[in-house]
Amino acid sequence: MEPPEATPGTPTHGKRLNFLGTLGPGLITGAADDDPSGIATYSQVGAQFGYSLAWTMVFSYPLMAVTQGISAGIGAVTGQGIARNLRRHYSPWLLRFAVLLLLVANVINIGADLGAMGAALELLIGGPHHLYAIIFALICILLEVFVSYRRYVTVLKWLTLSLLAYVAVVLSVHVPWGAALYGALVPQIVFDGDHAMALVAVLGTTISPYLFFWQAGEEVEEQHRQHWLRLGAHSRSSAHQLARIKSDTLFGMGFSNLIAIVIIIATAATLHANGITQIQTSSQAAEALRPVAGDFAFAVFAAGIIGTGLLAVPVLAGSAAYAVAETFRWPEGLDQRPQDAKAFYGTIAMATLGGVTLTFVGLDPIRALYWSAVVNGILAAPLMAIMMMIAMNPRIMGRLTLPRWMIFGGVLATTVMALASIGFFVL
């Protein structure tokens, strides 16, 4: 039976979506941003500087939200991912350069995340962390390849709840809330190398190119799943879908940054307060919590690392697969059957296995994270500028080009990320 004709901007069954129903690509993207690598960064910020840099997450929220809103809009309006739009409208060398950097950064990040997940499980139950990393990699591949998109999205949504583990940690330890709220709401700017590099690390962790590709691709997936038409074909009746994208993105990025603030507060209240100022990995942060915050905080923190990794690794691998498949015009999408999109799913498997391989070659995890952040920093600003060009081009977006406030926000976010990427080399 053929599905009924879709009405632009409304679900197939004609029901008005409630707020929870609007949450999808934006929520998953935001939660995936708090991956084990991000947890390590936020833990180090809290341990080294206490509450004084918590404000950076409030500062980065509008920059992150507007950037992800632009990427989601590109996917929804054009019905195509970012790499496909790059291929159609810009030079091939620019596309290949961007996708190559994205692929390298994602594989390194996948390796770091899988290593952290294996180490976290080793802390909880003992055993070989390398074997655990392999098992986690296989679980992510099997779920992403063989579970239908409709069910897999549900799995990813439930995994976002793993981030609440860090709320439990904060509630289980003593926090001087006056100092914590002051650090979150009042910028404390110190002009030295340590603070500058911490700001660069936070921005690089929070606004990452793989999130752009993922959310744009997921908007296209949602159109296929819900039998919606792309918004560019019916721009006059797109208000409902644009409102959905806005609320989904604002909530998802807000949830992401709120959890980041919670992690900073948790490590500031425990590690920094007890003189522990150097944290190199997320699992080390969990282990350091045990003597100062107790077994419960340690166990919950470590379990959160595993949960967020199970969410983030598929997003990293999936964003790489979207980019590569769109570059080479392969069939793509998590709604495709494996036999119909072999290269797309093969890229997911190879990126994940390539990442887990890095855990066996003696690659220093901190150096891996550093170079991943460097590549992301290099790629973010020019890719954001290209996204702005796409989203402002009426030949591509039709009547749905960026409004002025998003142009201003996008330019500001691109400028900040450009300065951050320069900071990697100058500081």
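In this predicted model, helices α7 and α15 pack with their axes 10 Å apart and at an angle of about 55°. Helices here are DSSP runs of H or I with at least four residues, numbered from the N terminus. The axes are lines fitted to C-alpha atoms over the stretch in contact, and angles run from 0 to 180 degrees between N-to-C directions. Angles under 35 degrees count as roughly parallel, over 145 as roughly antiparallel, 65 to 115 as roughly perpendicular and the rest as oblique; α7 and α15 are therefore oblique to each other. The crossing of α7 and α15 is right-handed, meaning that the near helix is turned clockwise from the far one by less than a right angle.

Residues are numbered from 1 along each chain as its sequence is written. As the model is predicted, local features need pLDDT of at least 70, side-chain atom pairs count only at pLDDT 80 or more, and totals for chains, interfaces and linings use all residues, while side-chain values use heavy atoms, without hydrogens and water.

Helix α7, residues 129–146, also gives the most to a nonpolar surface patch, with four residues. The patch covers about 660 Å² and is made by I134, L138, L142, F146, L353, F360 and V361. Such a patch joins nonpolar side chains (Val, Leu, Ile, Met, Phe, Trp, Tyr) within 5 Å, from residues with over 30% relative accessible area and no salt bridge. Areas come from the Shrake-Rupley method with a 1.4 Å probe. V361 sits in the loop between α16 (342–358) and α17 (365–392). With a relative accessible area of 54%, V361 is exposed; buried means under 20%, exposed over 50%, and partly exposed in between.

Next come the salt bridges. A salt bridge is a side-chain nitrogen of Lys or Arg within 4 Å of a carboxyl oxygen of Asp or Glu, and the model has four by this rule. One of them joins R84 and E332, at 2.8 Å from N to O. R84 belongs to helix α5 (residues 82–89) and E332 to the loop between α15 (295–328) and α16, so this pair links distant parts of the chain, 248 residues apart. R84 and E332 are both buried.

Another salt bridge is between R244 and E219, with the closest N and O atoms 2.7 Å apart. R244 lies in helix α13 (residues 239–270) and E219 in helix α12 (residues 209–226), so the pair ties together parts 25 residues apart in sequence. R244 and E219 are buried. D340 and R337 also meet in a salt bridge, at 2.9 Å from N to O. D340 counts as partly exposed, because its relative accessibility is 33%.

Terms used
Patch = residues over 30% accessible without salt bridge, like charges linked within 9 Å, V, L, I, M, F, W, Y side chains within 5 Å. Helix = DSSP H or I, 4+ residues; strand = E, 2+ residues; numbered from the N terminus. Buried < 20%, exposed > 50% of the residue type's maximum accessible area, 1.4 Å probe, protein only.
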